[in-house]
Amino acid sequence: DMKEEPEAVEEQTESTEKEEDGLSQEQQEMLEKISKTYDVEEQKEIASRLEEKKKSQDYTINNMLIEQNPFGTNHQSLYVYFNTDEPVNVSYTIHVKDSSVSDFAQNVYQTEKYQTEHEFQIIGLVPDMENQITFFLTREDGSTDTKEIVFQMGDTLGTEEVKLEQEVEGNVEDLEEGLYVVLGNDSEKLNFMYYYDNNGVLRGEVPLQGYRSCRLIFDQDFMYYSISETKMAQVNRLGQVTQVYELGNYELHHDYVFDDNGNMLILATDKTQDSVEDIVIKLDVNSGTVTEILDLGDLFGSYKAECQKNSDDELDWMHINTIQWIGNGSILLSSRETSSIIKIDNVYDSPTVSYIIGEKSVWADTEYESLVFQKNGDFTIQGGQNSITYVKDESLSDGQYYVYLFHNNIEVNETSYYYKYLIDENVATFELIDSFEVPYSDCGSSVQNLDENTVIDSGMQGVFGEYDKSHELIASFQMNVETFVYRVYKYDFEGFYFAGSQKE
């Protein structure tokens with residue numbers, strides 16, 4: 001299986017890329033291929049074919065069943081299957097001859113730490129290079145067998161860079177483990193989700209049907225992400241698309257989250273209404289049923305009635321761009337148009353507005369004025385914010401918690417900020433307890449606190465970076481952008497692709 005590489009997509013030429021109809025013939029063919037990738041029946045057939053192959057002979061460490069990206073969900077991946085006589089755990093290292101590309105080392109996730117049957121997906125192959133993959137099979141007594149294979153990886157499917165321009169300010173060793181997942185480098189051509197490592201090397205290229213993925217969310221044995229404006233995908237550890245959810249009359253945008261019962265709450269637009277980006281729907285991932293649970297027009301009707309359509313002839317009056325699940329039927333929403341953070345209670349029964357964090361002047365002389373929390377301290381309230389994150393902290397009293405966000409600062413047009421608030425529902429206040437300057441972006445963008453560090457994506461500039469706990473930049477990465485890099489979150493994929501740390 002190592003001799004033949006699946007059909008690679010030919011390099012797109014300058015002339016065909018710029019055809020008048022938008023997409024070249026090659027890109028059209030690629031789109032058709034991607035649509036098959038997200039066809040569950042096609043995926044079942046691929047899985048059946050692999051099952052037949054697994055049974056066709058004895059696969060061992062010296063005779064592994066290996067196929068490049070059989071399910072089509074990550075171009076830089078290999079499907080691997082083999083058995084061992086003794087229970088072992090498996091790890092691998094990917095090495096290329098280019099000295100500017102560091103080795104990529106991972107422990108493979110297995111149901112049991114030590115097993116005799118091994119089936120997994122390797123991710124992290126480097127495009128256009130000979131990849132030397134070393135497998136380490138470690139027994140419970142610590143003894144290890146190794147096996148090396150060589151795989152020639154073809155070109156990328158898209159036009160993104162294999163190695164990003166990296167600016168190092170601190171010690172790269174201080175970057176936390178994981179892969180930067182670039183969500184929504186919005187393209188007029190083909191759309192992908194990208195995985196980059198701590199050195200800015202492309203380690204994964206995930207095709208999308210359109211629009212963008214907004215984030216990765218995990219539940220039990222599956223990863224979920226958006227693949228178009230009207231579809232969500234459920235993907236297993238091997239890369240098989242096991243479900244595709246159609247959202248009917250709704251278009252998703254910006255964000256989604258799981259509640260405590262494994263239902264997915266999705267920010268949406270009701271295509272039958274005159275307004276956009278003001279709905280929350282619930283997706284039952286078991287049945288595929290979609291239910292509208294919240295129309296902000298119902299809660300803010302008098303405010304909506306005063307709003308005007310924008311230059312695109314859309315009534316984009318609220319523009320919710322993040323959802324966070326708090327628990328007990330409560331959610332937090334980030335509204336860009338009102339520069340407000342809004343808490344909604346009883347979201348499944350009879351939704352009510354609990355409070356608003358924003359400028360009082362926005363809500364002055366409306367029926368919602370009394371719901372605006374009091375600012376505690378001297379600071380500028382967030383403007384056009386993105387990527388709000390709810391953080392529960394056991395050291396705080398009941399009714400207190402943190403919310404951090406990307407403060408785009410759209411009124412000033414110079415500098416954006418990381419903001420962290422302490423919210424106190426007991427006394428109806430919010431206080432800025434931490435902030436630092438980040439590269440300016442007037443829309444999009446994201447922040448994410450890791451164990452010690454913070455990942456910042458300044459979307460319009462196509463730059464993302466990781467900062468230490470003193471808010472000093474460790475390293476940043478520059479992408480080529482057509483419009484913007486919507487969000488960048490870092491995932492360690494532990495318990496999904498990988499099992500635990502490779503660092504000593």
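What percentage of the 504 residues of the protein count as buried? The share is 56%, where buried means under 20% relative accessible area, exposed over 50%, and partly exposed in between (1.4 Å probe, protein chains only).

This is a predicted model, in which local features need pLDDT of at least 70 and side-chain atom pairs count only at pLDDT 80 or more, while totals for chains, interfaces and linings use all residues. Residues are numbered from 1 along each chain as its sequence is written, and side-chain values use heavy atoms, with hydrogens and water left out.

**Figure 1. The whole protein.**
The protein has six helices and 32 strands; helices (H or I, at least four residues) and strands (E, at least two) are DSSP runs, numbered from the N terminus. Its C-alpha atoms fill a box of roughly 75 × 50 × 45 Å along the principal axes. The radius of gyration of the protein is 24 Å, which agrees with the value near 23 Å that a compact globule of 504 residues would have. This radius is taken over C-alpha atoms, and the globule rule is 2.2 Å times the number of residues to the power 0.38. Of the contacts in the protein between residues at least 6 apart in sequence, 56% join residues at least 24 apart; contact means heavy atoms within 4.5 Å.

Ser334 belongs to strand β20, which covers residues 330-335. Ser334 counts as buried because its relative accessibility is 0%. The side chain of Ser334 makes a polar contact with the side chain of Asn321 at 2.7 Å, and another with the side chain of Gln385 at 2.9 Å. A polar contact is a pair of N or O atoms within 3.5 Å; within protein, one must be able to donate a hydrogen and the other to accept it, and residues adjacent in sequence count only if both atoms are side-chain atoms. Leaving aside residues up to four places away in sequence, Ser334 touches several residues, including His319, Thr322, Ser340 and Ile388.

Gln220 sits in the loop between β11 (217-219) and β12 (222-226). Its phi is near 55°, a positive value in a residue other than glycine. Gln220 is exposed because its relative accessible area is 68%. Asn328 lies in the loop between β19 (320-327) and β20. Asn328 is not a glycine, yet has a positive phi of about 55°. With a relative accessible area of 78%, Asn328 is exposed.

Is Asn198 buried or exposed? Asn198 counts as buried, because its relative accessibility is 15%. The side chain of Asn198 reaches the backbone oxygen of Glu176 at 3.1 Å. Residues up to four places away in sequence aside, Asn198 touches Glu176 and others, among them Gln166, Tyr180, Phe477 and Lys490.

Leu208 is part of strand β10. At 1% relative accessibility, Leu208 counts as buried. Leu208 and Asn191 are 17 residues apart along the chain, and their C-alpha atoms are separated by 5.3 Å.
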